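Work through these exercises with the model on screen. Try each task before you read its solution.

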Amino acid sequence: EEPVPPGVPSCPLPGKICDVARGERPGSCCGMAMAGLRTAKYQLPEWHRRNAKVYNQAYTVGEESERDRAESKHLSKHAAGCAQRAQQYSKTTLGQRLQDIHFWRVELQKEVMELDAETNLLAAQKLRLQRALDATEVPYGVVTDNLQCRERRQPPDLVIDEVERQLLKEADLLRNIRDLLKRTIIQATNQIRSNRIQKECCELDWSDKVETYHIDDKCVGYNNDSTNIQAHPSSVKFEENASTPKTWAQFSHDNIYNAEQEKLASVQLRSLINTIIHDVSEDLRMQRAAVNEAFDNHCRELDDAKLRLEQHLEKILKDIGEQEANIVALKQAIRDKETHLKVAQTRLYDRSFRPNVELCKDEAQFRLVSEVEELTVFLEALKRKLMESEQCLKNLEETRMKLEKEIAVKANSIFIDREKCMTFRIRYPVDLEVASYK
């Protein structure tokens, strides 16, 4: 609760008489007032007039302000609409330009990729040619070695036979193939160089369009809220070296056309390379087959004789295994019979120590003596059979050795006829076309 102020006794205030100087203007209580300061009070009509004047002035200024605000708002709205439409139209124009740039950029990129892929394919074909050329070195060395080996034949066989004629024909064919492959490699190298030059032109054009696309795309992204916009009054101009839309499009069109021409020439050359490799491979394969057939006919008889000997050796080895198992069984039977004999002899030995009248020739004594005699006969028979089996095994081993020697002789003959002349032919590429991919 607020404290109550202390009471003061009320008393009448002393009156003050103010002398007011009256002016000459009628209706004025004080005459002309001092400039900027008036010490006298206004009359009520004057107060009303002044209030009305102030109100009228305020109303007039308010109307002017309202009218100015309306005009400013209308002008701002109109300017904002025009600026927005102009900015949107510029953005649309830039978007259309981006589409044009994107179209040629995609076409150039597609052409660069296709030309690069075609160059890689042609380079692969060139590599095939080089591999095929390298692969012909082995056949040429094989043919030369075969001819040299056949020169060492003994006079009865030193004849110009069908094998030698086929070998000479094969050597001439290989020399012609190597010359053709070398010429084609040079042609492929020149075409690869042309492809790469044209690809570089397309790549430069594509790179310029990528950079331009990024610039225009950045321009499309600008708006009034962007933080990286600045005033550039000097940018409103046209460059003297600027191209026209027609020359701009024609430049890219010419690059694509030239790339297509080089690509077409490359495709035709690749087709030619495939045909060359296939044809020379087929010719070489047929000639190789003719030479190999002549060698195979001579070696077939040796193979048949060696096969028959190997079949006999296989049967002998099987007999040796069975005979060894038989000998092991005989030895085990002899050991078993010797054990039985020891048991019977031990029984007879122990019974010989029977005392006095107990040393009796009973039935058990006769049975033990008979058992010892039977076991002795069986042991002698088993030992004789063991000796016969060991002799048989020895004969089998000798036969095995003879067969192995005969097979070695046949193998040596095959080595002379086949391995000396055919070893290098085994290294002969089965197919020159296949060898070009390795």
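**Exercise 1. Decide whether R105 is buried or exposed, and say why.**

Step 1. Find the residue: R105 sits in helix 1. Helices here are DSSP runs of H or I with at least four residues, and strands are E runs of at least two, numbered from the N terminus.
Step 2. Apply the cut-offs. Buried means under 20% relative accessible area, exposed over 50%, and partly exposed in between, with a 1.4 Å probe and protein chains only.
Step 3. R105 counts as buried because its relative accessibility is 15%.
Step 4. List its partners. Leaving out residues up to four places away in sequence, R105 touches W206, K209, V210 and Y213. Contact means heavy atoms within 4.5 Å.

This is a predicted model: local features need pLDDT of at least 70, side-chain atom pairs count only at pLDDT 80 or more, and totals for chains, interfaces and linings use all residues. Residues are numbered from 1 along each chain as its sequence is written, and side-chain values use heavy atoms, without hydrogens and water.

**Exercise 2. State which elements line the second largest pocket.**

Step 1. Define the term. On a 1 Å grid over the protein atoms alone, a pocket is an open set of points where a 1.4 Å probe fits, with protein on both sides within 12 Å along at least five of seven lines; lining residues have an atom within 4 Å of a point.
Step 2. Collect the lining: Q84, A86, Q87, Q88, S90, K91, L94, C219, V220, G221, Y222 and N223.
Step 3. Assign elements. Helix 1 (44-135) and helix 3 (162-221) are the ones that give two or more residues. Helix 1 gives the most, with 7 residues.

**Exercise 3. Describe the fold and its burial.**

Step 1. Count elements: the protein has 6 helices and 0 strands.
Step 2. Take burial: 27% of the 438 residues are buried.
Step 3. Check contact range. Among contacts with a separation of 6 or more, 84% join residues 24 or more positions apart.

**Exercise 4. Find where confidence is lowest and highest among the helices.**

Step 1. Helix 6 (residues 432-435) is lowest, at a mean of 70, and helix 3 is highest, at 88.
Step 2. Residues 1-36 have pLDDT below 50. Where pLDDT is low, the predicted coordinates should not be read in detail.

Definitions and conventions
pLDDT is the predictor's confidence in each residue, from 0 to 100.
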